[in-house]
Amino acid sequence: MCKSEKGITFMVLVITVLILVILISATAGAAISTYKKAKVKVYIEELELIKEKMSLYEDKANVSSLPSLRALGTEISDSYVSSSDDAVSVEEIKKAKELLDKLNSEGKLESVIADSEKEKYVNYRYMSSADLVAYFEIRDTLENAEGVIIDAAAKKVYSLKPIQYSGKECYSVDDIRGK
């Protein structure tokens, strides 16, 4: 008498495992892509929020005794010296200056004063996370907590920490949008 065995064969098990691996890899790829898109969207929203708050601050400053945008944050220059009560270090300003030099060499800055090396970046100000809270009441933003550079003349915001988008480093919303 021949007994018929019930259950799955080894071949069916291998095929099932292969199908599951294919489905998992396709799902993981889609999840990673969605995560990257969400990260870029958050980055854009954070920089746009700062830009909007800059505009609102400027409107308030025009009708009250608030200092202008050019007086906020910290001046970006080679001669910056941090004092003991400054929340901003010399290294942060140096990093901001290096970023401005890089963006300027790529032709991405609008408000550079070409005649004067000393005052080349007079329209740009470094703002730490603490400055964003103090001047613009922005809390719990900027995953990068390294601060931003604002262009007071052109009303643009540059992050010190770039985001990877389409294989390149982007420091501003304009970089992402290809402007």
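Predicted model: local features only at pLDDT ≥ 70, side-chain atom pairs only at ≥ 80, totals over all residues.
Biologist: Which residues of helix 3 are buried?

Modeller: Buried means under 20% relative accessible area, with a 1.4 Å probe and protein chains only. Helices (H or I, at least four residues) and strands (E, at least two) are DSSP runs, numbered from the N terminus. In helix 3, residues 129-136, the buried ones are D131, L132 and F136. They lie on the same side of helix 3 because they cover an arc of only 100° around the axis, taken from the directions from the helix axis to the C-beta atoms.

Biologist: What do the buried residues of helix 3 pack against?

Modeller: Contact means heavy atoms within 4.5 Å. The partners are helix 1 (10-63), strand 1 (74-75), strand 2 (124-127) and strand 3 (148-151).

Biologist: In which sense do strand 2 and strand 3 pair, parallel or antiparallel?

Modeller: Two strands pair if DSSP finds at least two bridges between them. Strand 2 and strand 3 are antiparallel, with four bridges, and R125 is opposite I150 of strand 3. Strand 3 also runs antiparallel to strand 4 (residues 156-159), again over four bridges; there I150 faces V157.

Biologist: Which residues cover the two faces of strand 3?

Modeller: V148 and I150 are buried on one side, I149 and D151 on the other.

How values were computed
Residues numbered from 1 in each chain as written. Heavy atoms only, no water. Buried < 20%, exposed > 50% of the residue type's maximum accessible area, 1.4 Å probe, protein only.
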